[in-house]
Every structure is written in structure tokens, then in C-alpha cells.
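Here is a guided walk through the structure shown below.

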Amino acid sequence: MNAIELLIQDHQLVKKLLEELSSTTERAVKKRAELLERIKQEVSIHTTLEEEILYPAIKQAGGKEEAKMYYEAKEEHRTVDSLVIPDLLHTETGTVEFAGRVKVMKELLEHHIEEEESELFPTARKLLGKQELEDMGKAMEAQKKLLKGEQRAA
Ligand SMILES: [Fe+2]
Ligand SMILES: [Fe+2]
């Protein structure tokens with residue numbers, strides 16, 4: 001799998017988990033907490049792979065336009081990882097407030113995924129060679145294994 005294919009596969013999983021989470025009701029207290037935890041872990045690993053491996057390569061190979069995309073995408077990561085998800089973790093899962101916050105998280109992530117798949121990834125395909133994307137895919141798989149191990153140990 002090359003880097004882009006791997007990241008798109010992650011996107012599909014996250015979108016599926018978001019659908020599952022937003023279809024739960026206030027009664028699904030435990031299920032909501034489990035799904036949120038899973039989303040937090042998947043998103044955290046995914047954004048790390050993007051920020052450590054793919055994004056810097058795009059920024060380096062590109063010009064001003066790519067740099068702008070880079071900072072915008074990183075800012076969206078920060079919003080979700082550092083603000084939206086931590087807030088949700090402090091929200092009672094059995095409340096309507098939780099559902100409202102989940103809706104916002106879902107919209108932010110879907111928007112972000114859509115922009116990556118329609119702008120950032122096509123740019124990466126244009127700027128980076130086939131072999132480079134393959135090598136990055138391998139690096140991502142290795143890094144992912146490591147990070148999953150760390151999450152399990154925590
Ligand atoms: Fe991203
Ligand atoms: Fe992504």
C-alpha cells in the first residue's frame with residue numbers, strides 16, 4: 001500500500017466510526033464512550049502519520065500554495081485533537097450536549113477528509129514520485145504499529 005492508499009483506508013474507518021457514534025442514542029452511554037475512545041486513538045495515529053511523514057514532504061516539494069494547504073490542514077488537526085476531542089471526553093455521554101458536540105466533530109472531520117482527498121492527496125501524487133509514496137507507505141505502516149503498541153501499553 002502506498003501512503004495515500006493507507007491514509008484513505010484510515011479515512012474510511014474513521015468515517016464509519018463517526019456514523020456509528022452519531023447514530024447512538026442517549027441511552028448508549030457505554031457504547032458512546034467506547035466509540036469515542038476508538039475514534040480518538042485512530043485519529044491521533046492518523047494525524048501523526050500525516051504530520052510526520054506526508055505533510056512535510058508536500059511542503060518541501062511544493063511552493064506557497066502547498067505551504068498554505070499544509071498550515072490549514074495542520075490547524076484542522078489541532079482543532080480536532082486538542083480542542084474538540086478533549087472537550088467531548090469531558091462531556092457526559094448520556095446527554096444531548098454530547099450528541100451536539102459529536103455532530104460538530106463529525107462535520108469537522110468529514111470536511112477535513114474531503115479536502116485532503118480532493119486537494120492535498122492529488123497534490124502529493126503530482127509532486128512526489130511513485131517510489132517515494134511507496135516508501136512512505138512502508139514507513140507509515142511501521143510507525144502505525146509502534147504507535148498502536150504505545151496506545152495499548154498506556
Ligand atoms: Fe488529516
Ligand atoms: Fe487524513
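**From the fold to the iron site**

Of the 154 residues in the protein, 40% are buried, where buried means under 20% relative accessible area, exposed means over 50%, and partly exposed lies in between (1.4 Å probe, protein chains only). Please keep in mind that this is a predicted model, in which local features need pLDDT of at least 70 and side-chain atom pairs count only at pLDDT 80 or more, while totals for chains, interfaces and linings use all residues. Residues are numbered from 1 along each chain as its sequence is written, chains are lettered from A and ligands numbered from 1 in the order in which they are written, and side-chain values use heavy atoms, with hydrogens and water left out.

Let's start with the overall fold. The protein has 5 helices and 0 strands, counting DSSP runs numbered from the N terminus (helices: H or I, at least four residues; strands: E, at least two). Its radius of gyration is 16 Å, close to the 15 Å from the globule rule for 154 residues, so the protein is as compact as a globular protein of that length. Here the radius is taken over C-alpha atoms, and the rule is 2.2 Å times the number of residues to the power 0.38. The C-alpha trace spans about 50 × 30 × 20 Å along its principal axes.

Now to the metals. The iron ion (ligand 1) is coordinated at 2.1 Å by E50 (OE), H77 (NE2), H112 (NE2) and E116 (OE). Donors are N, O and S atoms within 2.8 Å of the metal (3.2 Å for Na, K and Ca); water is not among the atoms, so sites may look incomplete. The 4 donor atoms around the iron ion (ligand 1) subtend angles of 85 to 167°, which makes the arrangement irregular. E50 sits in helix α2 (residues 29–61) and E116 in helix α4 (residues 96–127), so this pair ties together parts that are 66 residues apart in sequence.

Definitions and conventions: Four donors count as tetrahedral if all angles lie between 85 and 135 degrees; four count as square planar and six as octahedral if opposite donors are over 155 degrees apart and all others between 65 and 115; anything else is irregular.
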